[in-house]
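Here are my notes for your first look at this structure. Keep the model open and check each point as you read.

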Amino acid sequence: MLELKRALDAKGHCLLEMPSGTGKTTTLLSLIVAYMKAHPHDLTKLVYCSRTVPEIEKVMEELRKLMNYYEKEMGMEQNILGLALSSRKNLCIHPSVSKEREGKVVDGRCYGLTASFVRARHAADDAVPICQFYEGFDAHGKEFPLSPGVYNLDDLKEYGQMKGWCPYFLARYTITHANIVVYSYHYLLDPKIAEVVSKEISKTSVVVFDEAHNIDNVCIDSMSVKITKRLLDKCSNSIQILETTISNMKENDSKRLEKEYKRLVEGLRDASIARETDMALVNPVLPSEILEEAVPGTIRTAEHFVAFVKRVVEYIKTRLRVQHVVQESPAGFLRDIHTKVCIDRKPLRFTAERLASLIRTLEISDLTDFSPLVTVSHFATLVSTYTKGFTIIIEPFEDRAPTVPNPILYFSCLDSSIAIKPVFNRFETVVITSGTLSPLDMYPKILDFHPVIMTSFTMTLARPCILPMIVSKGNDQVAMSSRYETREDTAVIRNYGNLLVEIAAAVPDGIVCFFTSYLYLETIVSSWYDQGIIDQLQRHKLLFIETQDAAETSLALINYIKACDNGRGAVLLSVARGKVSEGVDFDHHLGRAVLMFGIPYVYTQSRILRARLEYLRDQFQIKENDFLTFDAMRHAAQCLGRCMRGKTDYGIMVLADKRFSRADKRSKLPKWIQEHLKDTNCNLSTEECVQISKRWLRQMAQPFSREDQLGISLLTIEQLQSEEMQKKIQQRAQAV
Amino acid sequence: MDDYQTCPKCKTTKYRNPAMVLMVNACGHALCESCVELLFAKGSGACPECKCPLRRNNFRVQLFEDPAVDKEVDIRKRILKEFNKRQEDFPTLREYNDYLEEVETIIFNLVFDIDPTNTNKMIDNYKKENKDITQKNRNRQSQEEMELEELLENEKAQQSEKANLYVNAELEEKKQKHKAREKLIDELMFSDADAKSIVASHVQATAALAKEQPKAAAQSGSAVVKSSKFSSGIQIGLRGQHTNSFLPIPKQEDLPLYRYIAPIFDYDGPPPPTIETLGKLNYFANIRAANVTERAGGYTEAMSCCRALQEAMGGLFYSPQSTHKTAVVTTIHSTQDTDDMETT
């Protein structure tokens with residue numbers, strides 16, 4: 001809180017690592033809301049970005065609690081409006097559209113019912129279907145803003161049903177004057193969406209990125225483009241559609257095309273005015289240069305533009321017809337496209353904007369067909385805009401199947417700072433927080449910003465409720481490691497198996513194991529079968545395995561929880577970086593022990609990764625190894641953090657690899673784990689590990705009541721106000 | 001899904017004959033290589049689809065999936081050779097854009113055979129009107145191209161430089177680590193001091209080293225970062241300035257003015273008479289007087305006389321120990337002479 005307040009006062013960015021389950025969300029919310037109340041002019045809005053829908057819901061729940069508390073203490077209705085925003089898929093209440101499962105389809109159909117020209121047509125002809133909810137919103141919703149309160153997704157839907165207003169558009173409209181907005185990262189980081197949704201958020205907002213340990217990857221994904229052969233074929237189809245619509249329109253209604261043409265001649269000036277007055281968030285896909293200039297003459301008329309896009313698509317097709325891997329810079333690509341098909345850089349830069357304009361003019365209501373073409377246009381714009389920080393990799397086949405031709409063009413962003421830069425520049429305070437952000441100093445480097453505060457918090461605990469251990473060898477003294485050289489070694493695999501079996505015999509309820517990759521998981525499990533380890537394991541607990549299939553995994557997860565709940569005990573084998581390691585919590589009996597088999601390095605042979613490493617090395621002076629270790633350790637920490645979701649929880653964390661005990665790896669674990677990792681626990685054999693955990697479990701199993709925590713990790717109001725405590729707090733505040 | 005390329009004449013597909021190559025000519029209709037050979041055995045003939053007369057040596061390998069695109073690119077290249085005005089040639093951007101659109105329309109018309117007579121007239125008109133500009137621009141690269149070229153070169157240079165740098169740095173680091181370890185082992189083996197203290201001091205030393213290194217890296221890094229200030233690569237405000245700028249004016253450094261110091265000759269012998277006193281001492285009696293032509297070139301007999309005397313007296317006191325010294329002195333003379341020449 002102290003640090004956060006300082007960052008708010010200094011109007012700077014901050015980076016906070018707080019262990020999960022210690023009330024991170026509540027702390028952030030309560031302080032920022034209090035700050036908002038105290039300084040209503042300096043701080044007008046809180047934008048809280050989280051990763052998934054369940055997480056968004058959790059935040060809303062916390063906010064509701066906070067508001068209820070305010071109401072109880074202050075005794076009156078609070079004038080604060082908080083709401084959650086998600087995609088159309090999660091908010092739609094249209095009877096038929098909401099039945100669709102795929103997000104893109106919902107978006108497309110919604111657009112088909114709510115676009116301005118569709119509604120104009122409806123006015124002329126009643127047979128054209130429209131969305132009555134959107135109509136309701138449009139007719140009345142804008143005059144009556146939402147009354148203050150906390151609205152999560154379900155509340156919004158209910159409210160929408162009641163009033164007959166579309167909750168999605170209601171939420172989007174309300175964002176501009178809501179005090180607290182909770183939504184997903186993408187609404188702020190993905191330039192294509194941010195342009196639409198987050199454009200008008202005022203400068204004096206605080207932005208919080210929760211669970212931000214992967215924020216650099218989100219940034220990179222939002223700026224990268226992947227083009228496959230299939231996508232290009234679809235593009236050709238949609239180009240044909242465009243051609244026919246244009247010729248139709250020319251015959252029937254050439255006025256509209258003319259109007260568009262005139263507007264383009266004048267240039268995209270209106271957008272530029274908005275930017276000058278600092279109304280909107282800068283969009284990295286649309287650099288300001290474009291706004292100042294008119295659309296180049298080569299692509300001004302619709303037919304010319306379609307021919308232009310066709311040439312681009314055909315050109316990319318020829319590029320995909322390669323026999324070996326090609327890697328080149330955007331500059332090289334631009335030169336090649338100029339010599340091969342005579343396309344200059346400037347018209348390329350306008351592609352995305354021009355395509356959007358054309359689709360609007362042609363009144364095409366079904367946007368889903370055009371998404372491949374939009375992707376290509378984004379690619380064209382990006383490749384001609386950025387000459388640095390990007391690379392183009394064309395792979396004729398996948399590494400795993402070199403015989404099957406499957407050409408893919410990756411336009412990959414190497415610089416995570418590009419996407420997030422507008423956010424840092426626009427908002428005064430950006431808070432990046434997660435349970436596992438260690439090593440902290442890496443984030444400012446790769447995101448290219450200067451935090452005023454950068455702290456890792458530890459927990460004050462009444463008892464040592466986590467037991468991290470590094471197991472480096474088996475009972476036979478053979479070193480355990482997932483190193484590439486020893487991967488296939490049966491001795492190592494057997495030792496891993498024995499470790500799991502013995503732990504499973506000693507630890508009650510649920511155990512979660514993490515492997516470095518799906519491939520490794522599969523090979524190990526198959527050789528465990530041969531060695532009879534699976535049989536031994538099943539004597540103690542049930543066994544569940546995570547697979548790449550999401551449905552299968554969630555089924556395994558449900559059954560795992562069931563097995564833990566009824567006391568049978570279970571083991572879940574899963575993969576670091578997988579679904580289980582990212583979003584699922586194993587609190588209390590669901591995860592009494594976490595085992596990390598090996599260090600979860602990324603697949604280092606991937607060319608995209610190699611390119612990124614090189615870029616990081618050249619631009620930010622980050623050594624390859626440092627980044628790889630950083631990435632591996634943050635995922636390891638993320639996996640370990642799964643079992644600790646609160647102060648009353650307890651769990652064993654076993655790091656089964658010799659390499660973890662090295663100083664460079666150990667020091668990169670979060671502080672709250674390092675604190676409990678004693679030197680004596682850093683080089684254990686399987687037997688010693690089991691001994692220690694047995695003793696520790698006995699200690700932990702003692703009844704633990706609220707009274708035990710009082711005075712240490714939980715303070716009553718009297719204790720808090722006692723002189724001794726106040727002194728302590730003062731001291732700590734001055735020490736920082 | 002993937003419809004294989006088919007020759008419209010003989011219906012061979014790429015699937016059945018992987019060696020098949022499709023060719024296109026000016027009309028934009030494809031034919032496979034063997035059909036081309038068969039139909040155009042005489043060197044010219046009509047296109048089997050549109051019946052337009054074609055020459056055999058105008059057939060090229062089809063580059064794109066859609067032969068129409070091949071045709072368009074072909075026409076475009078031809079047209080752009082003529083229509084190569086640059087933005088610099090127009091007073092406003094608007095006019096340039098209008099020009100671009102006109103070019104595009106011409107190409108479009110040619111590709112789809114719309115109004116061919118008028119279009120050709122337009123092209124001819126243009127050719128006549130803008131002959132000199134076209135010629136001039138042909139040899140000039142556009143600004144954008146130059147920018148790209150520059151970027152590519154920079155990239156290449158940077159890459160090789162960086163690669164070398166990092167390889168060396170890594171080697172160096174490895175060496176240092178190895179050395180430190182050996183030193184520790186040596187110390188542990190031969191020193192009498194407490195083993196613990198040796199290890200502790202070693203750890204301190206390595207920690208200090210490690211601290212220093214990032215500093216050095218940061219220093220070298222800051223220089224790099226400055227040169228590439230915009231990581232996004234957008235060169236805002238810089239465009240047009242650095243591409244057609246002049247060479248930087250050579251900077252003159254302020255050095256103290258040159259002052260002539262008469263050389264001190266060390267003849268290693270008795271001092272010879274100076275050039276002014278030669279006449280008085282009557283040396284000229286013994287040599288041939290300079291004739292008129294020689295005087296005209298600035299020669300006087302005093303010069304050769306003085307030189308002869310210097311030669312005669314120089315080195316009379318020579319002794320073998322001082323060889324080195326004299327040699328040095330003579331070289332100094334020669335350099336000073338050249339200096340004099342430059343200043344005068």
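1. Start with chain B. Its secondary structure comes to 10 helices and five strands. The model is predicted. Of the 344 residues of chain B, 24% count as buried. Chain B exposes about 25200 Å². Carbon and sulfur atoms supply 57% of that area.

2. Look at how chain B is connected. Take its contacts with a separation of 6 or more: 53% of them are between residues 24 or more positions apart.

3. Now find helix H6 of chain B, residues 143–190. This helix has 48 residues. From first C-alpha to last, H6(B) reaches 69 Å, close to the 70 Å expected at 1.5 Å a residue. Its buried residues include B:Leu148, B:Leu152 and B:Leu184. B:Glu144, B:Glu147 and B:Lys162 are buried too.

4. One record entry concerns chain B. UniProt lists residues 7–51 as "domain: RING-type", in an unreviewed entry. In the model, this span is 16% helix and 20% strand. Its end C-alpha atoms lie 17 Å apart.

5. Move to chain A and its cores. The largest nonpolar core has 164 residues. A:Tyr183, A:Phe209 and A:Ile432 have the most contacts inside it. Helix H17 of chain A, residues 302–320, gives the most to this core, with 10 residues.

6. Which residues does A:Tyr183 contact, leaving aside its neighbours within four places in sequence? Among them are A:Val47, A:Tyr48, A:Ile56, A:Leu85, A:Ile175, A:Leu188 and A:Ile201. As a rule, nonpolar side chains in soluble globular proteins tend to be buried together.

7. Next, helix H25 of chain A, residues 518–531. This helix has 14 residues and reaches 20 Å, close to the 20 Å expected. Its buried residues include A:Tyr518, A:Leu521, A:Ile524, A:Val525 and A:Trp528. What covers them includes helices H24 and H26 and strands S14, S15, S16 and S17 of chain A. A:Gly532 follows H25(A), with a positive phi near 80 degrees.

8. Last, A:Ser377. This residue sits in helix H21 of chain A, residues 371–385. Is A:Ser377 buried or exposed? A:Ser377 counts as buried because its relative accessible area is 4%, and the cut-off is under 20%. Beyond its neighbours within four places in sequence, A:Ser377 is in contact with A:Thr351, A:Ala352 and A:Leu355.

Key: Residues numbered from 1 in each chain as written. Chains lettered and ligands numbered in written order. Heavy atoms only, no water. Helix = DSSP H or I, 4+ residues; strand = E, 2+ residues; numbered from the N terminus. Buried < 20%, exposed > 50% of the residue type's maximum accessible area, 1.4 Å probe, protein only. Contact = heavy atoms within 4.5 Å. Expected span 1.5 Å × (residues − 1). Core = buried A, V, L, I, M, F, W, Y, C linked by side-chain atoms within 4.5 Å. UniProt positions renumbered as here; feature names shortened; annotations may be inferred. Areas by Shrake-Rupley, 256 points an atom, 1.4 Å probe, with all protein chains shown as cover.
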